[in-house]
Amino acid sequence: MATGTEPPATEPRRRSGGVTAGTRAAIDAPHLRTDRWWLAPAATAAGLLAFVVYSTWRALSNADYYAAPYVSPFYSPCLAENCVPMRAGPNWELFGSWWVLSPAVIILIFPLGFRLTCYYYRKAYYRGFWASPPACAVAEPHRKYTGETRFPLILQNVHRYFFYAAIVVAGILTYDTVLAFRDEHYDWGHMGLGTLVFLVNIVLIWAYTISCHSCRHIVGGKLKHFSRHPVRYRMWQWVGRLNARHMQLAWASLLSVALVDLYVYLVATGAFDDPRFF
Amino acid sequence: MSSYEARFKVWRGDVGGGGLEDFAVEVNDGEVVLDIIHRLQATQVPDLAVRWNCKAGKCGSCSAEINGRPRLLCMTRMSVFDRDETITVTPLRAFPVIRDLVTDVGFNYAKARQVPAFVPPEGLGPGEYRMMQEDVDRSQEFRKCIECFLCQDTCHVVRDHEENKQAFAGPRFLMRVAELDMHPLDAAEENGLDRGRTAQDEHGLGYCNITKCCTEVCPEGIRITDNALIPLKERAVDRKYDPLVWLGSKIRRRSSAG
Amino acid sequence: MTVVDRQEWDVVVVGAGGAGLRAAIEARERGARTAVICKSLFGKAHTVMAEGGIAAAMGNVNAGDDWRVHFRDTLRGGKFLNQWRMAELHAQEAPQRVWELETWGALFDRTKDGRISQRNFGGHEYPRLAHVGDRTGLELIRTLQQKIVALQQEDFRETGDYEARLKVFQECTVTRVLKEGDRVAGVFGYERETGRFFVLEAPAVVLATGGIGKSFKVTSNSWEYTGDGHALALLAGAPLLNMEFVQFHPTGMVWPPSVKGILVTESVRGDGGVLRNSEGKRFMFDYVPDVFKDKYAESEEEGDRWYDDPDHNRRPPELLPRDEVARAINAEVKAGRGSPHGGVFLDVSTRMPAEVIRRRLPSMYHQFKELADVDITAEPMEVGPTCHYVMGGIAVDSDSAAARGVPGLFAAGEVAGGMHGSNRLGGNSLSDLLVFGRRAGLYAAEYAAGRTAARPRADDAQVDAAAAEALRPFSAESEAPAEGPPENPYALHQELQQAMNDLVGIIRREPEMKQALEKLAELRLRARRAGVEGHRQFNPGWHLALDLRNMLLVSECVARSALERTESRGGHTREDHSVMDRAWRNVNLLCELTDPTGGLAATDPVRGQITLTRERTEPIRPDLLALFEKEELVKYLTEEELDA
């Protein structure tokens with residue numbers, strides 16, 4: 001019967017395929033978009049790639065990450081014996097002398113995992129790097145697609161554990177920011193341009209972390225009756241408002257964390273002298 | 001009032017084949033693409049097949065693809081195009097074509113049937129339902145859906161992979177699962193139906209890679225990905241991948257049973 | 001002989017809007033195997049366009065409300081011409097029907113204490129409309145659709161077949177009700193997608209096809225509203241009631257031209273929107289008719305106070321029944337005080353904060369933003385009357401919704417007449433759909449159950465005739481070359497719409513209506529030659545050619561009844577008989593086919609295809625009359641009626 005309520009019979013000879021498959025309107029072009037649909041995924045890919053290159057270089061360089069009182073967020077907390085000593089800094093030698101790689105590798109796994117499994121970044125790299133899909137209504141080049149149903153992508157479901165870890169990391173970076181209110185002689189009550197950069201960064205880090213979809217679920221989204229949990233309802237609303245800007249926060253915090261690191265690098269190498277306010 | 005002649009390419013044909021046909025057609029101030037299709041019907045091709053109903057973006061019938069983008073014909077104003085631009089109109093490309101701009105959207109009706117209906121709570125008669133506005137807000141957003149199936153059409157999971165149609169319900173019907181799971185009085189759980197789990201196990205939530213095209217095309221502006229699909233994924237994680245939550249719910253159930 | 005697919009069902013419901021789906025649910029729950037046929041996709045029915053709400057005296061917001069008040073409002077709105085028993089049943093059963101929707105998953109907006117919120121609307125004394133923002137119709141249709149799916153899931157669990165007991169035939173059009181003798185035997189129709197014919201045999205058929213608005217040029221109705229059910233009933237031998245009453249909704253969009261007629265919900269006024277003319281004056285204060293004088297505010301200040309304190313103030317006249325407001329707008333435009341595009345201004349922007357407007361009227365906000373590029377939070381809308389609803393319809397028994405004269409035929413919703421009298425109150429249509437949809441399904445199932453042994457069967461000759469009639473447009477050229485060249489169905493349709501709009505529109509005059517009848521006769525002749533190109537597969541030109549028959553039949557009913565009723569009442573306004581006449585209060589006008597044997601070709605414009613008869617209405621039951629004050633009744637009822 002007309003546009004049945006039965007599932008339409010897919011043509012036996014074409015059980016697979018996409019927009020050019022057997023029973024669909026015969027149009028050869030993989031897409032008919034006339035706008036610059038490739039711009040967004042290309043920009044995303046370029047941006048992410050730039051960060052990856054920069055952060056890999058910095059994380060593996062194992063140098064110039066501390067310039068009292070500032071510690072690069074890539075190296076905080078510093079958990080190996082080979083760390084540069086930071087007085088009253090996030091410098092706990094949990095890993096012994098056997099760790100010979102850059103100490104950044106130990107800790108970066110957590111923020112990296114958080115961002116890698118983040119619902120926004122997933123969208124960004126699925127589109128930008130994997131072209132799955134490159135843009136809406138633009139055919140993807142893959143023959144098969146199973147999404148996040150099987151290993152390894154099913155591991156994306158661990159996002160909330162990385163969220164918990166990200167809270168801890170954000171806590172430590174907050175501690176670093178507090179430490180940034182010292183001067184190079186470790187006297188309290190001082191502030192320089194670096195302190196300001198740290199402040200901006202930590203606000204963005206927290207905003208990004210709190211605006212996470214998992215966080216939104218945990219603070220209240222999982223509830224069936226908001227009316228019975230007014231406090232969690234308010235928190236959910238608040239996180240929800242931040243969550244609407246998750247993408248912007250993801251980029252802003254990514255940029256700021258790289259800038260903070262760059263700032264520390266510049267000060268540590270002596271290329272730039274941290275202007276002190278007081 | 002000013003009018004001009006616009007150039008159109010409209011796909012005509014059926015399952016046996018077809019192609020884009022060129023038309024030149026008059027356009028007046030304030031018109032939408034559906035007006036132009038109607039003018040083609042009335043003046044040039046009386047048998048041009050197109051679905052439409054309300055012409056006000058409320059029924060979701062006139063879904064098609066304009067310049068390659070899934071849109072409602074009645075809500076796409078001609079003024080968004082340059083006058084010298086050729087406008088291409090094709091049927092939805094994720095579904096089997098019937099004729100011209102009309103496709104067989106039966107997939108969606110089949111999927112609708114696979115989502116278990118609202119389970120009324122026991123012991124509450126008609127007129128005794130009490131629900132707070134803040135508790136119905138979330139599901140109400142999803143019930144704004146006009147079932148235009150643009151999200152189903154644009155979703156690459158089925159658009160680009162016919163074989164996934166078996167396993168994947170599509171954004172519209174995953175959102176329906178979310179709507180029911182968030183309904184303050186839905187008694188599915190009490191009756192042994194775990195909607196969060198079935199979303200993953202039976203409706204193919206895992207296929208979704210949250211690339212947000214469904215949200216982009218939704219003419220009702222429903223935030224399908226952020227408000228329905230991701231929360232549903234998180235609920236599935238509660239059931240399937242979070243041992244703490246799982247343990248907690250076991251203990252709570254045992255203690256409340258005892 | 002044409003070979004067509006025949007299927008057996010117990011109840012066939014034609015139409016899948018609110019009334020049709022509610023009827024189907026009821027029939028299926030009463031054990032009848034039920035088929036639903038609809039022209040569009042399942043869930044796209046015109047009901048989705050209803051915005052304001054469902055009127056039901058639940059008393060959630062104002063505890064003073066009950067069914068008697070609702071009944072009173074309904075009769076006042078209909079100017080006492082309502083089939084009073086229907087109005088009574090409607091007012092009594094509406095709350096049950098709304099609550100039942102909740103048990104099927106509907107989510108209405110809530111009051112502070114968690115009950116269904118209710119809003120004010122024109123003609124309703126208390127806040128009475130259950131609503132979901134301004135998309136109540138969508139919620140209604142979706143809930144019913146999902147209930148049908150739920151029943152199908154139930155059937156699937158039992159039988160392994162979703163469609164064992166309830167099936168929706170989407171995108172199919174019914175062109176004939178088939179009969180055996182005087183009894184209904186089924187329906188004949190075609191699939192729009194393939195053009196194939198089919199017959200569904202059933203002892204009971206429920207017509208729930210909605211209205212006739214597509215016969216008018218400026219209308220809020222969709223293409224489906226071609227009066228199919230009205231015509232099917234006429235052709236099957238059932239009379240139509242009071243077809244002159246056509247409601248022009250006061251506020252349709254007037255610009256841009258492509259959306260002219262699209263509805264601007266009455267909630268805009270219910271929530272505080274006001275009407276102004278080009279001089280900035282709230283003109284409605286000048287148009288309060290005598291019968292409503294003591295019920296409406298006399299000053300803007302009082303009207304404004306009413307929104308916050310309805311118990312101590314009278315409502316603003318913007319909330320008069322629709323017919324009054326539509327006439328007032330018409331008069332203002334005629335007097336040269338209209339807006340640039342020929343309407344008046346409807347303003348919420350100066351009445352509410354932008355954020356409140358966006359929250360309470362979200363779809364209006366979007367409709368204007370996207371279709372007219374008007375931001376209603378910053379500037380007024382331009383609105384004017386648009387053909388919206390037909391109060392007239394198939395004459396039915398109040399309790400059972402059975403059509404008169406044709407056993408087995410039932411009608412519910414807009415296609416049925418009587419319930420709303422001469423003018424329908426906003427919000428009463430959705431409740432009408434539910435109350436009488438359910439009743440039609442119930443009594444159709446009951447009727448069908450009594451006839452399982454000897455099912456009526458339509459003979460092949462009828463089916464062949466129906467098939468030949470449906471195929472005629474394909475051979476228009478060869479069949480009657482002597483009569484003239486083939487006609488373009490689209491052009492015919494446009495001429496019909498223009499004629500009805502201009503000649504039998506919101507304000508009517510005798511010579512114009514006579515002219516309309518002549519025009520209709522001419523169009524009827526030309527429509528016989530309506531030809532189509534292409535083949536039967538999803539061919540909109542062919543579909544329109546077939547729908548023309550229905551629109552022409554119904555239009556003639558409207559014009560002929562309008563000419564006959566020499567008074568102004570509700571949705572029928574005569575310039576040459578401009579007052580309401582109590583002598584007409586108890587007169588029903590019935591339209592019947594002049595030549596029931598199928599002589600559709602009658603070409604005499606004076607006689608036409610329709611014969612009118614007058615009929616006295618049944619006196620209103622005394623206990624219902626007692627709900628009104630004597631002073632009010634004398635405005636409507638004659639001395640004799642009051643004495644009796």
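**Contacts in a predicted model**

Colleague: How many residues does the contact take from chain B and from chain A?

Modeller: This is a predicted model, in which local features need pLDDT of at least 70 and side-chain atom pairs count only at pLDDT 80 or more, while totals for chains, interfaces and linings use all residues. Residues are numbered from 1 along each chain as its sequence is written, and chains are lettered from A and ligands numbered from 1 in the order in which they are written. Two residues are in contact if their C-beta atoms, placed from the backbone, lie within 7 Å, and the contact takes 56 residues from chain B and 53 residues from chain A.

Colleague: Which helix gives the most to the side of chain B that touches chain A?

Modeller: Helices are DSSP runs of H or I with at least four residues, and strands are runs of E with at least two, numbered from the N terminus. With seven residues, the one that gives the most to this side of chain B is helix α9 (residues 224-240).

Colleague: What distance separates the centres of domain 1 and domain 2 of chain B?

Modeller: Chain B is divided into domain 1 (3-103) and domain 2 (106-257), with bounds that come from an automatic or database domain assignment. Twelve residues of domain 1 of chain B are in contact with 13 residues of domain 2 of chain B. Taken over C-alpha atoms, the centres of these two domains of chain B are separated by 33 Å.
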